[in-house]
Amino acid sequence: MSVPTWVIEFTGGGSAQIASLGLGAAALLMVVLTDRPLAVGLLLLQYVLLAWLLAEQLLPAITLVRLGQGLAISLILLLPSGRTRQISGHTGLPNGERAEARHGRRLWDASERLAAWTGTNPSAERTDPMRLSGIYAEGLPMRLAAAVLAMLLASGLARTYPLPVLRGELVWVSYWVMCCGLVALLIGRRPLRIGLALLTLMNGFEALYLSLEKSLLVMGLLGIVHILLALVVSLRTEGWADLLQGESALR
Amino acid sequence: MIVWLAVLPMVAALAVAPFRRTRHIAAPMAAAALVLMALLAVTLGDAGPVIALGRVLRLLPGERATLAIVWVLVAVTILCTYRIPQQSLLYPLALAAVGMLTAAAMTRHLAIAALLLELGAILTVMLIPARVAGAASVSVRLLVLFAVAGACVLLASWTQDARAAGLEGDALLSMGAICLTLGGGILLAAGPLGLWLPSVFQFDNPLASVMLGAALPTTALICLTDALASLRPPGVPGFWSDLLLAGGVLACLIGGLGATMQASLRRIAGYAAVADMGIVFMALGLNPMGEMGISAGHVLYRALAITVVCLASNVFQECLGGDDPERLQGGLRYAPTAVLGMIVGGLTLAGAPPTIGFASRVSVYRGLMSAQPSWVVLVVLTGFGVAWAFTRCAIASLSVATTPRGRRESWWTALWILPLSLLLLFLPYVLAISPSGWFAFFLSGG
């Protein structure tokens, strides 16, 4: 079966399938694209499509609230995304992947990455901002490979744990979005990118969990968790950007 | 009414917020609110369950006493460290986090408890200093871990509900058990999943360390203990015990090895706390029937020891400019109570005799001896690793500095560290002469 035919058949079933496809595409683009304001836009798209996907199971008022929540989170994250772009400009950093590939190899030092991950080397963030941006692991080939890996992982999960109590496309898209979030988390290094990946992972989980759990209180608390996560990510990115800007000014 | 225990810190957070830039007012207010909560908790008597938003809220007397002690420790940390320049919203955020954690502890529904725990944990992450190198990375990665932990516990809760609804199956129960172990492992900071803790301890902020190292695991233990019994797979005897025992031994191994390789007291304390939580995991594994048992007592001594060591480390930072063995040389001359706190707290975390940490470990060793005798040797050896790391710091602080440097510790910090250290030191004897029912009351969770 050719891909266009499969897409037409898949979307022929109704709006839920279109929402599933859109959600999967938005999550995939989140892994592949590096432009931060665009990534925030993709996150907003995820929230809209997730609300659409779950609209059949939720009350219209709740769907509306969830849309508002997505908008609020995107606005919260839009501020630091502009700031990091500004810093890239200040420090003479081209925002494109070519620069990342050029400078990235220098940072491909396993011990430094491990130390930064475990937090044993607090000076990791004080290194040259050029190096900070130029992560080889964030280059386009790596991101494309990560997207393929996410697709394989999601397809494996969907076959192993099909969850027959739920609709097939819902299970598939949940695993897909979760896997995209997971690989984006693994290859991301900047606080904002990690935060966006985390929210993507959470969206995938919510698509699955809210189909199983219908409690209003649980839904409300999950919404608060999302907003609080976005707030902390935004604040920490601001702190990180201040630190980086201060050190860049000192140089 | 127990609902006040969750409402009071929220109200206090709002009341403290206007004074956030005046530490001399905000810190005593926040500490007073926490002490008031502790008093309220221990004087409530045998309060029955309360229904709020269709959910049962309840705290057993033992659980209330456990939480009260933790709140007092947080209050002491606030009072002892209020002079350190920190972010302005520190105290309101700490109070809000305490409110969330308390609400989680009193909620008997696992999914809601998990979400409230997650909210409390996220608020606690905000206590980590913002504009310090490395803080952003650590904070965001902690968020990832707590979000994953929350999702795991939510899945475990779903398997619990599915089982209650008549959906049977060993695979479902095993999935629930594994999810609960993963989520619990992160929240309790045990085993490889608890390696985030030393990263938190490395920042010079005792309040964040005490909240994330003592308050969060204690509350998580209260929340998750009930689920242990309900998710015990009947068809797989020993599944839970093996999982928890293996997790506990792994935590001791990683924490013990990690502690020996660290160069600063704060990071040693972080790894020691991970290793010590392994003992709690093992205690749960040896008694997987949903009783807190010895683990409740141990988690309290652990919280006390962590608080004392963190406060001592902060004093060393202030007086000697650092807390690595080189800087600690001659520490006894400048900060005698901090040295006492470090030695007593450190040895308690290591489980060295005659500290209270050893007393509770002996019960775990006995149980482990009958279940997995070879693991006892491994766990005892890891205890030596932690003890050696603290002893290294103690030897350095007891030695005479060749050149005079640093300044004396303030009477204010000594005023708080000394009674806590003495309490920790003499606790085994206090418990031995106390009315017999008191200790049993704590151990049984009321």
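**View 1. Trp172(A) and its stacked partner Trp176(A) in the predicted model**. Trp172(A) is partly exposed at 30% relative accessible area, whereas Trp176(A) is buried at 4% (buried means under 20%, exposed over 50%, partly exposed in between; 1.4 Å probe, protein chains only). The structure holds 6 aromatic pairs over all chains. In the pair of Trp172(A) and Trp176(A), the ring centres are 5.8 Å apart with 10° between the planes (rings of Phe, Tyr and Trp, the last by its six-membered ring, pair with centres within 6.5 Å; planes under 30 degrees apart are stacked, over 60 edge-to-face, the rest tilted). Both residues lie in helix α9 (residues 168-187) of chain A, 4 residues and so about one helical turn apart (helices are DSSP runs of H or I, at least four residues, numbered from the N terminus).

**View 2. The edge-to-face pair Trp411(B) and Trp412(B)**. Their centres are 5.7 Å apart, with 90° between the planes. Trp411(B) is exposed at 64% relative accessibility, and Trp412(B) is partly exposed at 22%. Together with Tyr82(B) and Trp416(B), they form one aromatic cluster.

**View 3. Leu425(B) in helix α18 of chain B**. This helix covers residues 411-433. Leu425(B) is partly exposed, at 31% relative accessibility.

**Notes.** The model is predicted: local features need pLDDT of at least 70 and side-chain atom pairs pLDDT 80 or more, while totals for chains, interfaces and linings use all residues. Residues are numbered from 1 along each chain as its sequence is written, chains are lettered from A and ligands numbered from 1 in the order in which they are written, and side-chain values use heavy atoms, leaving out hydrogens and water.

Methods
Helix = DSSP H or I, 4+ residues; strand = E, 2+ residues; numbered from the N terminus.
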